[in-house]
Amino acid sequence: MKVTQRISGERPVFSVEFFPPKDEAGEAELWRAIRRLEPLDPAFVSVTYGAGGSNRDRTIRTTARIATDTTLVPMAHLTAVSHSVAELRQVIGAYAAAGISNVLAVRGDPPGDPLGEWVPHPQGLTYADDLVRLVRRLGDFCVGVAAFPYGHPRSLDLDTDLARLVAKIRAGADFAISQLFLEPEGFLRLRDRLAAAGCDVPLLPGIMPLTTIRTLRRGPELSGAPLPPALVQRMERYADDPAAFRAEGMDVTAEMCARLLAEGVRGLHFYTLNRSLATVELVQRLGLGARRAAPALTGC
């Protein structure tokens, strides 16, 4: 099933993102998270692709296993970093052979330093819209792309960044998922600007549950989104109390999600860090997911 089919209903949905496990312990943790989320019937689940293709084989294996061993709709990531066009063709072919019909096509971050200088492979691709076209040519894929509510960290300005997003959509992207953010205004402005540019594809907000002080500090650094002063003031009183910080952070995240839904957003994409408890809690609080027996919440 295509992602666009899963997110086109009248009822708001949610989706989740995982990364490929590095070892057996990580594999076990990932599958505990998957099994905990599966009864809630997310619209789709995505599996990331490491910088420079470092997790390429694990991404293919993990996404293929989700396709064959669960009831979930999988989406695989694909980046152009350090890959020739011939190598990208091989990866896309492997996805097709595994029965994966949804791909998130992103240019990707430089290996080692996500904010470092981008150097294209000499036989590779330079922009994500080129990658979208390649995926489109090689199969009947549903293609997603990345969006940046406050602009990509390497973009000159917001207008230039919007032009890049529009180019990806006009190249054949079916939907877009935003980088994480900590307040909704930037995302809602991007949605309005995208509509004004004549692009009506679904735009899903990327949400990372605010559960730790590290999430508060590190997320904006990587995403380019600002750290709202009012949020810092609200959260800093709990900096030395992890349990209280998590409780307040979950309230903050739920409030932001509720605001997005009230503004007509039809789906929320949760970055799970391969842990499902916070996502399950938010899905239940917001009334999303399947209306079936809720999984038990234990641990942190």
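**Close-up views of a predicted model**

**View 1. Strand β4 is mostly covered, with five of its five residues buried.** Buried means under 20% relative accessible area, exposed over 50% and partly exposed in between, with a 1.4 Å probe and protein chains only. Helices (H or I, at least four residues) and strands (E, at least two) are DSSP runs, numbered from the N terminus. This is a predicted model: local features need pLDDT of at least 70, side-chain atom pairs count only at pLDDT 80 or more, and totals for chains, interfaces and linings use all residues. Residues are numbered from 1 along each chain as its sequence is written, and side-chain values use heavy atoms, with hydrogens and water left out. From β4, Asn-102, Leu-104 and Val-106 point one way. Val-103 and Ala-105 point the other way.

**View 2. β4 pairs with β3 and with β5.** Two strands pair if DSSP finds at least two bridges between them. β3 and β4 run parallel and are joined by four bridges. Here His-77 stands opposite Leu-104 of β4. From β3 the chain passes through α4 to β4, in a right-handed β-α-β crossover. Right-handed means that, with the strands pointing away from the viewer, the path from the first strand over the helix to the second runs clockwise. β4 and β5 also run parallel, with three bridges. In this pair, Val-103 stands opposite Val-143 of β5.

**View 3. Helix α4 covers residues 85–97.** At 1.5 Å a residue, its 13 residues should span 18 Å, and its end C-alpha atoms are 18 Å apart, which agrees. The expected span is 1.5 Å times one less than the number of residues. Leu-88, Val-91, Ile-92 and Tyr-95 are buried in α4. Seen down the axis, the buried residues fall within an arc of 95°, so they line one face of the helix. The arc is that of the directions from the helix axis to the C-beta atoms. An α-helix has 3.6 residues a turn, so residues three or four places apart point the same way. Exposed Gln-90 and Ala-97 sit on the face of α4 turned away from its buried side. The buried residues pack against α3 (56–69), β3 (74–79), β4 (102–106) and α5 (128–138). Gly-99 follows α4, with a positive phi near 80°.

**View 4. Helix α7 covers residues 185–196.** Its twelve residues should span 16 Å at 1.5 Å a residue; the end C-alpha atoms are 17 Å apart, which agrees. Gly-186, Phe-187, Leu-188, Leu-190 and Leu-194 are buried in α7. Their cover includes β5 (142–147), α6 (158–170), β6 (175–180), β7 (203–207) and α10 (242–262). Gly-198 follows α7, and its phi is positive, near 90°.

**View 5. Strand β7 is largely enclosed by the rest of the structure, because five of its five residues are buried.** Leu-203, Pro-205 and Ile-207 point one way from β7, and Leu-204 and Gly-206 the other way. β6 and β7 pair in the parallel sense over three bridges. Leu-180 stands opposite Gly-206 of β7. Together, β6, α7 and β7 make a right-handed β-α-β unit. β7 and β8 pair in the parallel sense over two bridges. Ile-207 has Phe-270 of β8 as its bridge partner.

**View 6. His-269 is found in strand β8 (residues 267–271).** His-269 counts as buried because its relative accessibility is 0%. A polar contact of 3.1 Å joins its side chain to that of Glu-17. A polar contact is a pair of N or O atoms within 3.5 Å; within protein, one must be able to donate a hydrogen and the other to accept it, and residues adjacent in sequence count only if both atoms are side-chain atoms. Not counting residues up to four places away in sequence, His-269 touches Ser-15, Val-16, Glu-17, Phe-44, Ser-46, Ile-177, Pro-205, Gly-206 and Ile-207. Contact means heavy atoms within 4.5 Å.
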